[in-house]
Amino acid sequence: PSRAGPADHDSTGGFVCRPAANAYRPDHVSLPGETLQEVLDERQISHAELAKLTGQPKKMIVEIIEGKTAITPETAAQLRRVLGIPTSFWNSLEHNYQELIALQRRERC
């Protein structure tokens with residue numbers, strides 16, 4: 001049996017995008033970096049200090065905060081070690097963000 005979904009095939013075998021009628025569509029997606037910045041602000045930790053504590057370049061920390069770089073599992077482990085926030089939290093935050101972005105892109109086709 002085939003699965004019903006937001007995409008069907010056209011007569012040439014290509015995909016035709018069609019959003020699911022009852023799909024949840026959030027109107028805002030928070031960047032994982034926004035959450036990281038909130039934690040840093042709350043704890044009064046600078047980007048440079050976090051970079052030093054994690055052993056990562058400051059540029060990478062800034063790019064995570066700006067949403068230009070994803071939080072990798074390795075980075076999540078470093079954030080856990082430095083900030084005490086579970087690796088699973090950072091991994092879930094990044095996964096959920098990427099999933100919602102993918103859904104939004106798919107609906108735009």
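The model is predicted, so local features need pLDDT of at least 70 and side-chain atom pairs count only at pLDDT 80 or more, whereas totals for chains, interfaces and linings use all residues. Residues are numbered from 1 along each chain as its sequence is written, and side-chain values use heavy atoms, with hydrogens and water left out.

Begin by selecting Leu36, Leu40, Leu50, Ile71, Leu79, Leu83 and Trp90, which touch the most other members of the 16-residue largest nonpolar core. Such a core is a set of buried Ala, Val, Leu, Ile, Met, Phe, Trp, Tyr and Cys residues joined through side-chain atoms within 4.5 Å; buried means under 20% relative accessible area, exposed over 50% and partly exposed in between, with a 1.4 Å probe and protein chains only. Two or more residues each come from α1 (32-43), α2 (47-54), α3 (58-66) and α4 (73-83), where helices are DSSP runs (H or I, at least four residues) numbered from the N terminus. The largest share, four residues, is that of α3.

Next, centre on Trp90, which counts as buried because its relative accessibility is 0%. Leaving aside neighbours within four places in sequence, Trp90 is in contact (heavy atoms within 4.5 Å) with residues including Pro32, Leu36, Ile71, Leu79 and Ile85. Phe89 itself, at 36% relative accessibility, counts as partly exposed.

Now show α1 together with α5 (residues 87-108): Pro32, Thr35, Leu36 and Val39 in α1 meet Phe89, Trp90, Leu93, Glu94 and Tyr97 in α5.

Finally, turn to α4, whose buried residues are Thr75, Ala76, Gln78, Leu79 and Leu83. They lie on the same side of α4, because they cover an arc of only 160 degrees around the axis, taken from the directions from the helix axis to the C-beta atoms. These buried residues pack against α1, α2, α3 and α5, while the face turned away from them carries the exposed residues Pro73 and Glu74.
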